[in-house]
Amino acid sequence: MESLTVPVTTAVIIAIAAAVYYILSWTTARKPLWPKTKQHTAYTRKVTPVKTEFRIGIKFHHLNDFAPMGERQPVHDVSTFFASRGNEFSVYTIDWEQEAVVLIRPLDGIDLKKHPFFREAQRLNAAEVLVLPLEQLQTAVDAISDKVAHVQQVFVNITGRCGSTLLTRAVEASSVAQAVNEVHMPVDFSIQISRFRRSLLVPAVLR
């Protein structure tokens, strides 16, 4: 009888342990990595890139491209932060759930412009993100407006396989301008605006 009790007890313990592990794994896997509500205070956070599956078609960029590391650091004085560290970051995308602009700082020593696709260079080499609430965007602009007042921006709309990489390298080779290829934030922004407009036109029952 004892020889039968021991295996049964062991099996029950193993089953309970497996159930607990499954529940914990299921809960952890579904816990959001990033806040899903509007943010009123800017913050920075160290990150590491997350491997993503290759997909054909338009790929939106978002904070889930990165896994957060450590605790987030609030940025209470946006103006001072951008005046001293603004040149370390570049715009990556807009997080509509947090109602914030997402900027990234690359790993030390990485030149993002050397990569043929700027958006991929940002995603693969991000070391830190800055999440800036849309309501504080004007404060950031005012902080750096004098420094960039002389800069003129030109956006060139491209199609696939049109020679945009060659054009970027040609501009970069000049001494009067700089260029980056496939900055994806304007694309993300315009598509989301189009979706929003369509949602206003299409009756809810047909969505």
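**Rings, strands and loops**

Author: The structure holds three aromatic pairs. A pair here is two rings of Phe, Tyr or Trp (its six-membered ring) with centres within 6.5 Å; planes under 30 degrees apart count as stacked, over 60 as edge-to-face and the rest as tilted. Before going on: this is a predicted model, where local features need pLDDT of at least 70, side-chain atom pairs count only at pLDDT 80 or more, and totals for chains, interfaces and linings use all residues. Residues are numbered from 1 along each chain as its sequence is written, and side-chain values use heavy atoms, with hydrogens and water left out.

Reader: What sort of pair do Phe 81 and Phe 82 form?

Author: Phe 81 and Phe 82 are edge-to-face, at 6.1 Å centre to centre with 70 degrees between the planes.

Reader: And how do Phe 81 and Phe 89 sit?

Author: Their ring centres are 5.8 Å apart and their planes are at 50 degrees, so that pair is tilted. Ring pairs link Phe 81, Phe 82 and Phe 89 into a cluster.

Reader: Are Phe 81 and Phe 89 buried or exposed?

Author: Both Phe 81 and Phe 89 are buried, and Phe 82 is buried too. Buried means under 20% relative accessible area, exposed over 50%, and partly exposed in between, with a 1.4 Å probe and protein chains only.

Reader: Which ring has the charged end of Arg 72 over it?

Author: That is Tyr 43, with the charged end of Arg 72 at 4.5 Å from the ring centre. Arg 119 lies over the face of Phe 117, at 5.8 Å from the ring centre. To count, NZ of Lys or CZ of Arg must be within 6 Å of the ring centre and within 35 degrees of the ring normal.

Reader: New topic. What is the secondary structure of the chain?

Author: Six helices and five strands, in the order α-β-β-α-β-β-α-β-α-α-α along the sequence. Helices (H or I, at least four residues) and strands (E, at least two) are DSSP runs, numbered from the N terminus.

Reader: Why is E5 called largely enclosed by the rest of the structure?

Author: Because eight of the eight residues of E5 are buried.

Reader: Which residues touch the most other members of the largest nonpolar core?

Author: Trp 34, Val 47, Leu 63, Phe 66, Ile 104, Val 129 and Val 131, in a core of 15 residues. Two or more residues each come from strand E1 (42-49), E4, helix H3 (118-125) and strand E5 (126-133). A second, separate core has eleven residues, including Val 75, Val 78, Val 101 and Leu 130. A nonpolar core is a set of buried Ala, Val, Leu, Ile, Met, Phe, Trp, Tyr and Cys residues joined through side-chain atoms within 4.5 Å.

Reader: What does Val 129 touch?

Author: Not counting residues up to four places away in sequence, its contacts include Trp 34, Leu 63, Phe 66, Phe 89 and Ile 104. Contact means heavy atoms within 4.5 Å.

Reader: Now the loops. Where does Gln 98 lie?

Author: Gln 98 is in the loop between strand E3 (90-95) and strand E4 (100-106). Gln 98 is buried, with a relative accessible area of 0%. Beyond four places in sequence, Gln 98 touches residues including Trp 34, Pro 35, Tyr 43 and Val 131. Its C-alpha atom is 8.7 Å from that of His 40, 58 residues apart along the chain.

Reader: What about phi for Glu 99?

Author: Glu 99 has a positive phi of about 55 degrees although it is not a glycine. Glu 99 lies in the loop between E3 and E4 and is partly exposed, with a relative accessible area of 34%.

Reader: And phi of Glu 182?

Author: Near 60 degrees, a positive value in a residue other than glycine. Glu 182 is in the loop between helix H5 (164-173) and helix H6 (185-201), and at 23% relative accessibility Glu 182 counts as partly exposed.
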